[in-house]
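Q: Could you walk me through a few local features and show how to read them?
A: Gladly, let us take them one by one.

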Amino acid sequence: RHQGMSTLTFVDAATANKQFVEKLNFDFRSVRKAFMKVDSNKDGKISLFEFQSLFSLLGITIKDEEFEKLTPLYMKYFNRNGLLEFQVVKDKFSTPVGGPRTTVSFLPKLHVRISAEDAIAVL
């Protein structure tokens with residue numbers, strides 16, 4: 001390991017989902033800023049590929065195979081052309097200035113099957 005280099009720690013799909021929801025609830029400005037950065041043509045819409053980049057910009061490091069597990073949770077928010085509009089994110093996740101933070105309970109919880117041995121190892 002070289003001095004000054006850090007090791008990436010990848011999270012699983014369930015953890016990535018939790019971290020994303022937390023960012024949406026508690027740091028919406030950073031989500032907006034990151035959304036605008038990944039919106040390559042600046043039309044207020046991002047592709048699934050750009051959506052995955054959004055996770056990375058928010059500091060959520062997830063491998064492709066784990067991101068694929070998240071895709072079904074979020075695809076209902078993408079339009080017919082396979083794009084997620086910032087307005088949809090804003091309408092679903094933002095709250096009025098000075099208003100209470102809302103939860104994003106409409107996002108289903110991600111259930112991941114693991115072996116009994118892995119579950120015991122976690123305990």
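A: Just after helix H3, Gly59 adopts a positive phi of about 85°; helices here are DSSP runs of H or I of at least four residues, strands are E runs of at least two, and both are numbered from the N terminus. Keep in mind that this is a predicted model, where local features need pLDDT of at least 70, side-chain atom pairs count only at pLDDT 80 or more, and totals for chains, interfaces and linings use all residues. Residues are numbered from 1 along each chain as its sequence is written, and side-chain values use heavy atoms, with hydrogens and water left out.

Q: Which residue has a positive phi although it is not a glycine?
A: That is Lys42, with a phi of about 55°. Lys42 sits in the loop between helix H2 (28–38) and strand E1 (45–46).

Q: Is Lys42 buried or exposed?
A: Buried means under 20% relative accessible area, exposed over 50%, and partly exposed in between, with a 1.4 Å probe and protein chains only. Lys42 has a relative accessible area of 56%, so Lys42 is exposed.

Q: What is the nearest side chain of opposite charge to Asp39?
A: For charges, Lys and Arg count as positive and Asp and Glu as negative, while His and the chain ends are not counted. A salt bridge needs a side-chain nitrogen of Lys or Arg within 4 Å of a carboxyl oxygen of Asp or Glu. Asp39 is buried yet has no salt bridge, and the nearest side chain of opposite charge is Lys42, 6.1 Å away. Asp39 also lies in the loop between H2 and E1. Leaving aside residues up to four places away in sequence, Asp39 touches Gly44, Lys45, Ile46 and Glu50, where contact means heavy atoms within 4.5 Å.

Q: At what angle do the axes of H2 and H3 cross?
A: The axes of H2 and H3 (residues 48–57) cross at roughly 135° and come within 9 Å. H2 is therefore oblique to H3, since angles under 35 degrees count as roughly parallel, over 145 as roughly antiparallel, 65 to 115 as roughly perpendicular and the rest as oblique. On the H2 side, Val31, Ala34, Phe35, Lys37 and Val38 make the contact, and on the H3 side Glu50, Ser53, Leu54 and Leu57 do.

Q: Which residues of H3 are buried?
A: They are Glu50, Phe51, Gln52, Leu54 and Phe55. The buried residues of H3 pack against helix H1 (13–26), H2, E1, helix H4 (64–74) and strand E2 (84–85). Ser56, also in helix H3, is exposed, with a relative accessible area of 53%.

Notes. Axes fitted to C-alpha atoms, helices over the stretch in contact; angles between N-to-C directions.
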